[in-house]
Amino acid sequence: MSKWMKKSKRKSKVIGPLLAAVLLAVVLSLASDKFLTMTNLMNILRQSSINIIVGAGMLFCLLGAGIDLSQGSIVGFAMGMITLLHMKGLDNPFLMIALPIAVGMCCGLVNGLLFTKLKLPHPFVSTLGMMEALRGLTLFLTDAKQVSGFPSAVIWLGSANILNIPVCFIAVVIISVVISRILSKTASGREIYSVGGNQEAARLAGINIDWTLTLTYVMSGLLCGIAAVILVGRVGATYPLAGEGYEMDAVAACVIGGASFNGGKGTMAGTFVGAIIMAEIKNGLNLLGAASDIQQIVVGIVVILAVMVDVIRTQQAEKNRRMQQAKAEHA
């Protein structure tokens, strides 16, 4: 398949989610006259920023046919590092931004090494264990305290606006473009797609499978660390239960955007649109006065439907592949 055809195919997969986002916006605007106000639209951009960045990390894992269930706990643990610095009187903006990002990367590295070096059957096991361990460690180290009063430079990324556009959304757009280029234009990006699509073929092609899979979890941890910094600015405080459920929203954003649990499929653009759709749903439910428990039910249903779509899509692709193979054999 030519490069032009591959590029066209990737773009076509983004069109569906994009149309769904537009249609959802139309429906919600009819349901609430507040939805299309500039203030609310900026709120949606701000709300979607965290899910886009965490979803980007999940995309790396899904492309490698894995999953990272510890993302929410990594966000909380990285935020806990900011809490510890503040409690120790080390309110240095550089440290408060660099440390959570570095800690996120280290957590991702541990996830990757646990999976690849222990030869576990699936990253579900290692990341589930990490999810519980990090959440408990965060509560222990911070004494379950909620802390505020951070330097303005620390909260700027999550709270400031430029020309009425949230800085965090501008940053996320830039990061998304960089990730898209990494996945589509670099050797490491192509290797991730190869390993996720057909690990044995990738091995025969000389790709270092363990390193490539570990890299996907390091990237996930890195992006969760960045998300923690943005979240501190958004809420103006740190709290030990930060990030709970983020991994589920990230999975939904990726799968809505065209990623697959079978690996080797998905784009940053699709994940970006998927996260916008999730933000639209949550924002619309808030405007319609839905209770928090109803919102959780709706989001849960969306996750289930997204997974069902992935299963159906995979089954259809497999059916088409077999039909083409049968035609080729009878030709």
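Me: Is Ser126 buried or exposed?
Reply: In this predicted model, Ser126 lies in helix 5, residues 123-142. Its relative accessible area is 6%. Buried means under 20%, so Ser126 counts as buried.

Me: Which residues is Ser126 in contact with, leaving aside its neighbours within four places in sequence?
Reply: Ser126 is a buried residue of helix 5. Beyond four places in sequence, the contacts of Ser126 are Asn111, Leu114, Phe115 and Leu120.

Me: How are the rings of Phe115 and Tyr217 arranged?
Reply: The structure holds two aromatic pairs. In the pair of Phe115 and Tyr217, the ring centres are 6.4 Å apart and the planes stand at 65 degrees. Planes over 60 degrees apart count as edge-to-face, so the arrangement of Phe115 and Tyr217 is edge-to-face.

Me: How many residues apart are Phe115 and Tyr217?
Reply: Phe115 is buried, and Tyr217 is buried as well. Phe115 belongs to helix 4 (residues 93-117), while Tyr217 belongs to helix 10 (residues 209-235). The pair therefore links distant parts of the chain, and the separation is 102 residues.

Me: Which residues have the most contacts inside the largest nonpolar core?
Reply: In soluble globular proteins, nonpolar side chains tend to be buried together. Here the largest nonpolar core has 65 residues. Those with the most contacts inside that core are Ile52, Val54 and Val75.

Me: How many of the residues of helix 12 are buried?
Reply: Helix 12 covers residues 268-287 and reaches 29 Å from its first C-alpha to its last, close to the 28 Å expected at 1.5 Å a residue. Gly289, with a positive phi near 80 degrees, follows helix 12. Helix 12 is largely enclosed by the rest of the structure, because the buried count among its 20 residues is 16.

Me: What phi does Ala65 have?
Reply: Most residues other than glycine have a negative phi. Ala65 lies in the loop between helix 2 (38-63) and helix 3 (71-87), and Ala65 is partly exposed at 28% relative accessible area. Although Ala65 is not a glycine, its phi is positive, at about 65 degrees.

Me: Is Asn164 buried or exposed?
Reply: Asn164 sits in the loop between strand 2 (161-162) and strand 3 (165-166). Asn164 is not a glycine, yet its phi is positive at about 70 degrees. With a relative accessibility of 60%, Asn164 counts as exposed.

Me: What separates the C-alpha atoms of Thr314 and Ser260?
Reply: Thr314 lies in helix 13, residues 292-330, and counts as partly exposed at 22% relative accessibility. Not counting residues up to four places away in sequence, Thr314 touches Ser260 and Asn262. Thr314 and Ser260 are 54 residues apart along the chain, and the separation of their C-alpha atoms is 7.8 Å.

Me: What separates the C-alpha atoms of Ile312 and Ser152?
Reply: Ile312 lies in helix 13 and counts as exposed at 53% relative accessibility. Ile312 and Ser152 are 160 residues apart along the chain. The separation of their C-alpha atoms is 48 Å.

Me: What is the radius of gyration of the protein chain?
Reply: The chain comes to 13 helices and four strands. For 331 residues the globule rule gives 20 Å, and the value for this chain is close to that, so the chain is as compact as a globular protein of that length. Its radius of gyration is 20 Å.

Me: Among contacts between residues at least 6 apart in sequence, what percentage join residues at least 24 apart?
Reply: Buried residues make up 47% of the 331 residues in the chain. Of the contacts between residues at least 6 apart, the share that joins residues at least 24 apart is 77%.

Conventions
Residues numbered from 1 in each chain as written. Heavy atoms only, no water. Core = buried A, V, L, I, M, F, W, Y, C linked by side-chain atoms within 4.5 Å. Buried < 20%, exposed > 50% of the residue type's maximum accessible area, 1.4 Å probe, protein only. Phe/Tyr/Trp six-rings, centres within 6.5 Å; stacked < 30°, edge-to-face > 60°. Helix = DSSP H or I, 4+ residues; strand = E, 2+ residues; numbered from the N terminus. Expected span 1.5 Å × (residues − 1). Rg over C-alpha atoms; globule rule 2.2 N^0.38 Å. Contact = heavy atoms within 4.5 Å.
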